[in-house]
Amino acid sequence: MADETGAEALIIRGMVRDSLGVALPRAVVTLSGAAGGRHLVKTRSADDGGFTVIAPTHGEYLLAAFSPQLGSQSVAVRLDGRPVEVEFHIDVPGVVPEV
């Protein structure tokens with residue numbers, strides 16, 4: 001196991017789900033610089049909606065998930081020495097999420 005100053009500190013793990021909680025397999029997950037621009041890392045979510053991205057360095061990033069059927073969602077992520085967990089909930093059109 002890597003210590004938190006090593007590669008483990010650059011890992012972003014998470015899930016891509018719709019607003020009803022259903023896993024979204026094969027959603028495109030991209031990591032870009034905080035200001036946007038070109039994609040630094042690109043992957044797809046697994047059958048269970050899970051994904052893992054390894055950032056190139058510590059710092060601030062924009063992480064986005066895109067499902068062709070539902071659209072996209074993005075969040076700002078800051079890597080400062082610890083792994084980060086992110087859960088995307090992409091809205092289903094016409095469905096109002098419960099509060």
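**Core and sheets of a predicted model**

In this predicted model, the largest nonpolar core has 18 residues, and those with the most contacts inside it are Ile 12, Val 16, Phe 51, Leu 63 and Val 86.

Visitor: Which element gives the most to this core?

Guide: Two or more core residues come from each of E1, E2, E4, E5, E6 and E7. In soluble globular proteins, nonpolar side chains tend to be buried together. With 4 residues, the element that gives the most to this core is E7.

Visitor: In the open sheet of 3 strands, what is the strand order?

Guide: The pairing in this open sheet is mixed. Strand E4 (50–54) and strand E7 (84–90) are its edge strands, each pairing on one side only. The twist from one strand to the next averages 25°. The order is E4-E1-E7.

Visitor: How many bridges join E1 to E7, and which residue stands opposite Met 15?

Guide: E1 and E7 run parallel, and the bridges joining them number 7. Within E7, the residue opposite Met 15 is Glu 87.

Visitor: Which residues are in contact with Val 16, leaving aside its neighbours within four places in sequence?

Guide: Val 16 is among the residues with the most contacts inside the largest nonpolar core. Contact here means heavy atoms within 4.5 Å. On that basis, and with neighbours within four places in sequence left aside, the residues in contact with Val 16 are Val 22, Ala 23, Leu 24, Ala 27, Val 29, Ser 45, Gly 49, Phe 51, Ala 65, Phe 88 and Ile 90.

Visitor: Is Arg 26 buried or exposed?

Guide: Arg 26 lies in the loop between strand E1 (11–18) and strand E2 (28–33). Its phi is near 65°, a positive value in a residue other than glycine, whereas most residues other than glycine have a negative phi. Because exposed means over 50% relative accessible area and Arg 26 has 51% relative accessibility, Arg 26 counts as exposed.

Technical notes
Residues are numbered from 1 along each chain as its sequence is written. This is a predicted model: local features need pLDDT of at least 70, side-chain atom pairs count only at pLDDT 80 or more; totals for chains, interfaces and linings use all residues. Side-chain values use heavy atoms; hydrogens and water are left out. Buried means under 20% relative accessible area, exposed over 50%, partly exposed in between (1.4 Å probe, protein chains only). Two strands pair if DSSP finds at least two bridges between them. Axes are lines fitted to C-alpha atoms, for helices over the stretch in contact, and angles run from 0 to 180 degrees between N-to-C directions. A nonpolar core is a set of buried Ala, Val, Leu, Ile, Met, Phe, Trp, Tyr and Cys residues joined through side-chain atoms within 4.5 Å.
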